[in-house]
Amino acid sequence: MNLRINGARLWDSLMKMARIDALPGGGCGRLALSDGDREARDIFASWCREAGCDVSYDRLGNMFARREGRDPDEPPVAIGSHLDTQPHGGKFDGVYGVLAGLEIVRTLNDHGISTDAPLEIVNWTNEEGARFAPAMLASGVYAGAFDLDFALTRRDASGKSFGDELARIGYAGDTACGAHKLGVFLEAHIEQGPILENNEEVIGVVTGGQGQRWYDVNLLGRDAHSGSTPMQGRRDALAAAARLVLAVQSLARAHGEAAVGTVGELNVLPNARNTIPGEVRLAIDLRHPDDTVLSRMDHELRAACRTMEEVEIGLEMIWHNPPIAFDSDCIDALKAAVKLHGYPSRQMVSGAGHDACQIARCVPTAMVFVPCKDGLSHNEAESAEPEHLEAGCNVLLTAALNLSAATACERRQQRCREPAE
Ligand code: GLV
Ligand code: MN
Ligand code: MN
């Protein structure tokens with residue numbers, strides 16, 4: 001059966017969600033655990049309840065909206081992503097994956113279709129990492145990459161902790177993070193890059209995610225008068241930081257097209273025109289699909305830091321997220337769905353991080369991408385065509401139906417019983 005979702009209804013939900021913390025440029029600034037995040041969660045929960053789901057959340061506020069299956073003991077086929085955004089984020093990054101899950105449930109309700117395994121729609125907390133670093137924090141705890149206390153004690157730029165803010169918005173549940181078991185996890189997302197658009201393809205079947213290393217860097221020089229201090233002998237932390245920013249650019253360029261390096265945050269102290277900056281704090285993000293290359297980039301970054309002789313440098317790697325390969329059965333289910341619907345597609349590795357990249361470490365997982373305009377994301381102008389969003393959701397619906405069938409559940413159980421190679 002070639003069942004299709006209601007694209008107009010999916011679009012309408014996306015546009016309604018985009019009103020929360022809407023920005024003048026058409027995007028959203030809905031940081032994790034803000035009042036806007038609470039509002040988005042409340043609306044999402046109410047829509048899920050209206051669709052007949054039972055909504056629960058765990059110790060880190062990860063939300064699970066469950067549509068019961070014929071076999072309630074079977075671990076659910078879960079579909080989801082995140083509702084938080086970047087400070088200058090768009091309407092689709094994350095939100096599409098959550099609301100695609102809701103649209104699938106609504107479509108099954110419209111047609112009176114029940115599934116063997118239950119279906120769940122998931123909203124993972126703090127995917128973006130823009131307010132509380134690192135990214136994919138709560139899906140990371142779920143998958144065992146971080147422990148609970150690490151997550152609860154992360155602080156935002158104003159010193160507020162993740163744990164306090166989660167309790168403040170009323171989404172700190174009792175269930176241990178990771179105790180709510182999933183059978184399969186599927187995530188739909190805009191590509192956030194130009195490959196599908198440039199090749200006029202509608203679906204990317206994602207086979208895995210690239211590796212990431214995040215660093216906090218502190219450059220300590222000495223404040224001094226800008227007029228009376230000779231250029232010789234200054235300990236200008238900003239001048240050193242500028243060289244470090246360029247070093248990040250060139251070390252990424254030196255490792256081929258797949259390598260990327262970014263300095264996206266920079267704080268200058270005391271930030272006064274006529275004082276030589278005595279301190280700079282900055283944040284670095286390095287990524288590559290091959291962990292060996294990523295560790296070479298790490299060595300080169302450390303070597304670059306050693307050349308900044310006029311300052312003391314503290315470099316802390318706050319996160320190493322190794323590359324991840326998605327589950328072959330889930331990938332096959334997505335490929336079969338793409339074929340059934342007849343969409344032009346390709347297989348690809350994700351450049352962006354996603355909750356799926358964490359969940360894949362403990363649950364069979366895969367993703368679909370749809371194109372976004374000019375490959376632009378983490379930008380208010382982020383835009384996607386309604387028919388592409390609909391296509392991605394159709395693929396997910398077909399794959400979720402196949403993966404929730406009793407035969408697919410038995411196959412997963414069988415694979416669990418097989419000894420690891
Ligand atoms: C999340 O959007 C990331 O890729 O950093
Ligand atoms: Mn995202
Ligand atoms: Mn993002």
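Student: What makes the charged end of Arg41 count as sitting over the ring of Tyr171?

Tutor: A charge sits over a ring if NZ of Lys or CZ of Arg is within 6 Å of the ring centre and within 35 degrees of the ring normal. In this predicted model, the charged end of Arg41 is 5.0 Å from the centre of the Tyr171 ring and sits over it. Likewise, the charged end of Arg154 sits over the ring of Phe150, 3.8 Å from its centre.

Student: Which conventions apply here?

Tutor: Local features need pLDDT of at least 70 and side-chain atom pairs count only at pLDDT 80 or more, whereas totals for chains, interfaces and linings use all residues. Residues are numbered from 1 along each chain as written, chains are lettered from A and ligands numbered from 1 in written order, and side-chain values use heavy atoms, without hydrogens and water.

Student: Why is the pair of Phe146 and Phe150 called stacked?

Tutor: Rings of Phe, Tyr and Trp (its six-membered ring) pair if their centres lie within 6.5 Å; planes under 30 degrees apart are stacked, over 60 edge-to-face and the rest tilted. The centres of Phe146 and Phe150 are 5.3 Å apart and their planes at 25°, so the pair is stacked.

Student: How do you know whether Phe146 is buried or exposed?

Tutor: Buried means under 20% relative accessible area, exposed over 50% and partly exposed in between (1.4 Å probe, protein chains only). Phe146 has 12% relative accessibility and therefore counts as buried, whereas Phe150, at 25%, is partly exposed.
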